[in-house]
Structure formats: C-alpha cells, structure tokens
Amino acid sequence: LSSVPAARRTSVYSVWFNEAGYVYDTSEGYSYALPGDYEIQSHADSGGGSPPAGGWVTLVSRRGSTFSSGADLLHLDGATWLRFICTANARNTAPQNAYLAIQWDLHDSHASLDAWKFVGDSITANAMGHRKTNDSFNQLVSRQVPNFPAFEMAGHGFWTSATALASIDAFLASFPGRFVALPLGTNDSDPDAYRVNMRKLIDRVLAAGKQPVLPTIPYTAEPAHLPLITKLNAVVRELYASYGARLTVGPDLYEVLYRGRSTMFDQPGDLHPNERGNAAIRQAWADAMVGAIYRPAGLGDH
C-alpha cells in the first residue's frame with residue numbers, strides 16, 4: 001500500500017467475498033472455496049520489491065467461518081503491507097472445492113465508515129451481489145456521488161423476517177459497518193407477525209449503533225404471494241411513520257417492479273425478477289440512497 005498516501009491507510013475497511021454459493025451463511029449446505037480459518041496481517045516495512053519475510057502483525061484472526069464474506073475495520077497506523085492467510089477451508093466445503101477463491105476490497109475509512117450489509121431473501125441474493133456487469137450497488141452510487149461504499153450481500157433463499165431475526169445478532173456481531181438494509185417480507189405470510197419481527201430487527205440494529213434501512217417489498221404477480229404484498233407493505237409504511245428519522249426509507253421496490261412488470265419478469269406470474277428486474281432493483285437502491293444518505297449527509301470521498 002506504499003503508493004497510497006499515509007493518511008488514507010490509517011483506518012481501512014476490509015471486505016472479502018465469494019458469492020459463488022449464493023447465500024451468505026452457508027452452514028446449512030455446501031460452501032465453495034471459502035476461508036474457514038484465516039488471518040489478516042500487516043507490516044510496516046517499506047514498499048516495493050518482495051513482501052517481508054518476517055515480522056508480520058496479526059490484525060484479524062477468524063476460526064470456523066462459514067460466511068461467504070467477511071468485513072473488518074483495520075487500524076493500520078500507516079502500515080505499507082497487508083496479507084490474507086487462509087489455513088483451512090470452511091468445514092462444509094463441497095468435495096473437490098478445497099481451495100480459496102475470494103475478492104478482497106480495501107476502503108479508506110479514516111474520515112467516515114461507509115459500509116453496508118444487505119440482509120434479505122432470495123431476491124436480495126439474486127440482485128444485490130457484486131456484479132460482473134459492473135453495475136453493483138457501490139458502482140452505481142459512485143456514478144452519482146464521490147462515494148464507493150463497501151458492502152456485503154447477506155441474502156438467503158426462503159428467508160422471512162423470522163429467520164432473519166434468528167440470525168441478526170450473529171450478523172451484527174461480524175459487521176463493523178454502518179448501514180444494515182432489511183429487504184424482507186416477500187416470504188412472510190402474516191402481516192401481524194411481520195410487524196413484530198421487523199420491529200425487533202430494527203430495534204436490534206439500532207441498539208448495535210447502526211442505521212437500519214427498509215425498502216418496500218417488491219411487486220410480484222405470483223399467485224401465492226400477491227394477495228399479501230399490499231398488506232405487508234402497509235406495515236412497512238407504518239414502520240416508516242413510527243420510527244421517523246431513526247429508520248432510513250429505502251427504495252420503493254414495489255413501484256419499480258410494478259412499473260416494469262412487462263419486461264422485468266420472464267413470465268407474468270414469476271416470483272423472481274429476471275436480470276432486467278435485478279438491475280432495476282440495484283439502480284433503485286443506488287438512486288434512493290444517493291438521495292437519502294449521500295448528498296444530504298456529505299460522507300465524503302472513499
């Protein structure tokens with residue numbers, strides 16, 4: 001990191017990810033080339049040439065991880081070298097996948113901590129990952145403002161507000177960032193239970209000192225889900241009114257997909273949007289957060 005100005009390598013937000021396995025917590029099935037035991041280490045030696053042979057300082061040590069990403073706030077004190085050492089795969093590694101494959105992003109966080117976690121269901125898993133099409137959430141934000149937010153995709157197929165509630169404490173404990181998006185509800189069947197669960201989720205995010213962000217539940221014409229979506233979105237709007245500024249209003253995903261329903265689903269009764277719909281979800285998130293957070297808050301350049 002010696003080519004980076006010293007002031008921009010004092011506090012660094014580290015996020016690694018491998019989204020090949022589709023879900024964030026892979027513990028209920030196979031994982032693919034994920035680190036289970038790993039360390040992140042730094043060194044203050046001068047830059048250039050080969051990495052130092054010894055004298056590395058361990059900043060992060062993890063054992064038994066089954067997550068498809070990991071985030072840490074690193075206090076480098078101007079260190080010039082970083083390395084990621086994996087000593088074991090996740091315990092649920094699929095056969096013939098005993099190797100490591102990750103992307104590793106480092107973000108300057110000395111001025112502010114601009115990092116997200118999207119805790120959602122399969123629609124989140126499909127839409128909100130890091131995209132080869134170069135239209136990920138952070139890239140879409142950076143096209144409008146001088147911010148490039150770090151983010152983790154924590155989506156799971158079939159998840160409801162109840163399943164998210166059962167895992168939120170562990171997710172928050174492993175997340176040093178600021179914003180927790182809660183795009184949940186498509187798989188919920190009881191508006192009253194959804195209201196109770198979402199209140200608990202929002203309260204736990206707030207208690208952890210983080211900012212909850214809640215979108216509307218996406219439109220779908222799938223017959224088993226359609227009758228409940230309007231009732232569940234009425235609960236979402238109740239939560240907006242109840243929490244006020246403590247809850248950031250996310251994008252209106254229902255309206256986005258309803259307006260584009262003729263092209264954003266392969267079949268009229270599909271539950272999941274197609275790639276055009278997924279791209280529209282990402283764009284809606286970026287547009288809404290630029291308006292609600294980045295331009296008003298002036299978080300600065302990252």
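Predicted model: local features only at pLDDT ≥ 70, side-chain atom pairs only at ≥ 80, totals over all residues.
**Entry 1: strand S1**

I count a residue as buried when its relative accessible area is under 20%. Seven of the seven residues of S1 are buried, so the strand is largely enclosed by the rest of the structure.

I then checked the two faces of S1. In a regular strand the side chains alternate between the two faces of the sheet. On one side of S1 I found Ser11, Tyr13, Val15 and Phe17, and on the other Val12, Ser14 and Trp16. These residues are all buried, which leaves both faces covered.

Next I looked up the partners of S1. Strand S4, residues 69–75, runs antiparallel to S1 and is joined to it by seven bridges. Ser11 stands opposite His75 of S4. S6 also runs antiparallel to S1, with six bridges between them. There I noted Gln103 of S6 as the bridge partner of Phe17.

**Entry 2: Ser109**

I moved on to the loop between strand S6 (103–108) and S7, where Ser109 is found. Is Ser109 buried or exposed? Its relative accessibility is 9%, and the cut-off for buried is under 20%, so Ser109 counts as buried.

I listed its contacts, leaving aside neighbours within four places in sequence. Ser109 is in contact with Ser11, Val12, Tyr13 and Leu73.

Strand S2 covers residues 35–43 and is mostly covered itself, with seven of its nine residues buried. S2 pairs with S5 (residues 81–89) over eight bridges. With S3 (residues 57–62), S2 pairs over five bridges.

In S5 its bridge partner is Phe84. In S3, Val60 stands opposite Ile40.

**Entry 3: H3 against H4**

Two packed helices are described by the angle between their axes and the distance between the axes. I looked up both for H3 and helix H4 (residues 191–207). The axes come within 9 Å and cross at roughly 10°. Angles under 35 degrees count as roughly parallel, so H3 is roughly parallel to H4.

I wrote down who makes the contact. H3 supplies Ser161, Ala162, Ala164, Leu165, Ile168, Asp169 and Leu172. H4 supplies Tyr194, Asn197, Met198, Lys200, Leu201, Arg204 and Val205. By type, the residues of this contact divide into nine nonpolar, two polar and three charged.

**Entry 4: the nonpolar cores**

The largest nonpolar core has 36 residues. Those with the most contacts inside this core are Val119, Leu182, Tyr194, Met198, Leu201, Leu214 and Leu239. Which elements give two or more residues to this core? They are strand S1 (11–17), strand S7 (115–120), S8, H3, H4 and helix H5 (226–243). H5 gives the largest share, eight residues. Apart from this core lies another, of 30 residues, including Met128, Met153, Ala181 and Ala286.

I followed up Val119, again setting aside neighbours within four places in sequence. Val119 is in contact with Ala154, Trp159, Ala164, Phe171, Val180, Ala181, Leu182, Pro183 and Leu184.

**Entry 5: Thr124**

I found Thr124 in helix H1, residues 122–127. At 4% relative accessibility, Thr124 counts as buried. Not counting residues up to four places away in sequence, Thr124 touches Phe118, Gly129, Met153, Gly155 and Pro183.

I also checked a distance. Thr124 and Asp108 are 16 residues apart along the chain, and their C-alpha atoms are separated by 26 Å.

**Entry 6: Phe158**

My last stop was the loop between strand S8 (150–155) and helix H3 (161–173), where Phe158 lies. Its relative accessible area is 74%. The cut-off for exposed is over 50%, so Phe158 is exposed.

Notes. Residues numbered from 1 in each chain as written. Heavy atoms only, no water. Buried < 20%, exposed > 50% of the residue type's maximum accessible area, 1.4 Å probe, protein only. Helix = DSSP H or I, 4+ residues; strand = E, 2+ residues; numbered from the N terminus. Pairing = 2+ DSSP bridges. Axes fitted to C-alpha atoms, helices over the stretch in contact; angles between N-to-C directions. Parallel < 35°, antiparallel > 145°, perpendicular 65-115°, else oblique. Contact = heavy atoms within 4.5 Å. Nonpolar A, V, L, I, M, F, W, Y, C, P; charged D, E, K, R; others polar. Core = buried A, V, L, I, M, F, W, Y, C linked by side-chain atoms within 4.5 Å.
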